[in-house]
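Please read the following walk through one protein model with the sequence and the structure side by side.

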Amino acid sequence: MKLSTTLFILLVTTITGATSATVPLAPTRPRDASQFRLLHTLTPSPPSHSRFLTAAAPAAADDSTTETTKGGAVLTLPASDTSAISSVQATFRVPSAVPPATGPTAGNPVGLYAASFWVGIDSVGPFSFSCPGSGGGSGGGGASRRALRAGVDIFYDGTLGGEQSPFAWYQFAAASGSSGSDPGSGQGGTTTGLEGFGIIPGDLVRFTLSAGSGDAAGESVVVVLAENFGANVSCAEGATPVTSVRQVLPVGEGGPALCGREAAWMVEDFPLAGLPDFPIALANFTSVTFGSAGVTLEDGSKRDVTGAEVMDVRLEAQGGRLTSCEVLDGKKVKCTRVLDDN
């Protein structure tokens with residue numbers, strides 16, 4: 001399959017710019033990734049087959065295989081459950097980003113690679129339904145749907161010496177296709193960086209998302225709490241975070257709210273900002289484990305991830321199945337990077 005003209009120009013420009021200088025293959029420390037931003041889209045549609053940011057030739061596409069940029073676990077409450085999700089949590093160690101050693105995206109010393117790790121409420125889709133029933137969380141009966149998620153992006157850029165600094169972010173946006181929302185809402189993937197939340201690969205971080213809360217004035221809000229326990233802590237329980245950032249986000253009168261029907265722990269291959277049709281080449285992150293995975297419902301009860309739907313990132317242009325995800329003991333979601341799916 002031929003590469004698009006746009007991709008060809010992009011690759012030629014990248015490679016030509018890199019040939020004038022020696023490119024170190026391994027950085028001594030992560031560098032500032034402020035020039036990189038992923039486009040955290042909320043549209044669940046599969047990507048174009050052959051578009052990814054690498055100089056390697058794409059593998060032959062198999063149209064019979066369903067492609068997805070998401071891997072991990074999704075816990076969906078049954079329609080019969082009248083209590084919605086009020087909070088979701090996950091703890092994970094920030095992985096390092098390196099180029100894949102094998103596969104169609106390997107062997108590119110000036111390549112750009114990335115991966116995103118996030119936890120969310122009502123953030124996977126499909127987004128075409130309204131919140132059911134009167135117990136549908138902060139949305140209530142028939143309210144249009146909104147998504148809340150937060151996570152960490154990691155990057156590797158061979159033209160800048162290798163691994164770059166991770167980027168921590170959160171997003172509260174109307175989901176694409178929600179009833180009563182702008183048809184294009186959520187597709188832009190607008191996110192906000194967690195200012196003051198410095199992280200490096202190896203740090204143990206915990207994200208807690210809360211929905212349907214009220215502030216001192218009684219206004220409906222959602223809350224994102226991000227905690228960094230550093231690289232020398234093995235377990236977040238009982239530990240004091242080195243850094244924590246808390247964001248309180250108003251729902252807004254008459255605006256779409258959270259249904260509270262779905263929680264997710266995800267690895268995702270997003271496009272690079274400015275190139276929405278190009279899933280970036282997925283970095284080799286070795287593996288990531290979302291610990292303390294579970295939800296708390298409005299009635300105070302707790303659920304683990306037993307029975308959650310497990311999915312894997314699958315992009316034929318990058319070699320097929322790119323992750324192997326599983327639920328462990330009902331309390332952890334582990335995703336391992338697959339390098340050669342043969």
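**A walk through the model**

Asp122 has a relative accessible area of 0% and is buried, where buried means under 20% relative accessible area, exposed over 50% and partly exposed in between, with a 1.4 Å probe and protein chains only. This is a predicted model, in which local features need pLDDT of at least 70 and side-chain atom pairs count only at pLDDT 80 or more, while totals for chains, interfaces and linings use all residues. Residues are numbered from 1 along each chain as its sequence is written, and side-chain values use heavy atoms, with hydrogens and water left out.

Asp122 is placed in the loop between E3 and strand E4 (146-157). Although Asp122 is not a glycine, its phi is positive, at about 55°. Ser292 also is a residue other than glycine with a positive phi, near 55°. Ser292 belongs to strand E14 and, at 36% relative accessibility, counts as partly exposed.

The protein chain as a whole contains 1 helix and 20 strands; helices (H or I, at least four residues) and strands (E, at least two) are DSSP runs, numbered from the N terminus. Of its 342 residues, 52% count as buried. Contact means heavy atoms within 4.5 Å. Among contacts between residues at least 6 apart in sequence, 77% join residues at least 24 apart.

Confidence comes next. pLDDT is the predictor's confidence in each residue, from 0 to 100. The protein chain averages 78, and 69% of the residues score at least 70. In residues 1-31 the pLDDT is below 50, and this stretch has 49 contacts in the model beyond near neighbours in sequence. Residues 47-64 also have pLDDT below 50, with 62 contacts beyond near neighbours in sequence.

In soluble globular proteins, nonpolar side chains tend to be buried together. A nonpolar core is a set of buried Ala, Val, Leu, Ile, Met, Phe, Trp, Tyr and Cys residues joined through side-chain atoms within 4.5 Å. The largest one here has 57 residues, of which Phe117, Phe197, Phe207, Trp265 and Phe290 touch the most other members. Another core, of 16 residues, lies apart from it and includes Phe36, Val124, Trp169 and Ile280.

Rings of Phe, Tyr and Trp (its six-membered ring) pair if their centres lie within 6.5 Å; planes under 30 degrees apart count as stacked, over 60 as edge-to-face and the rest as tilted. By this rule there are 6 aromatic pairs. The ring centres of Phe92 and Phe117 are 6.4 Å apart and the planes are at 45°, so this pair is tilted. Phe92 is in strand E2 (residues 85-93) and Phe117 in strand E3 (residues 112-121), 25 residues apart. Phe92 is buried at 2% relative accessibility, and Phe117 is buried at 0%. Phe92 also forms a stacked pair with Phe207, at 6.0 Å centre to centre and 20° between the planes. Phe207 lies in strand E7 (residues 204-214), so its pair with Phe92 ties together parts 115 residues apart in sequence. Ring pairs link Phe92, Phe117, Phe197, Phe207, Phe285 and Phe290 into a cluster.

The last stop is Thr296, in strand E14 (residues 287-297). Thr296 is buried, with a relative accessible area of 18%. Not counting residues up to four places away in sequence, Thr296 touches Ala84, Ile85, Ser86, Ser87, Ser301 and Lys302.
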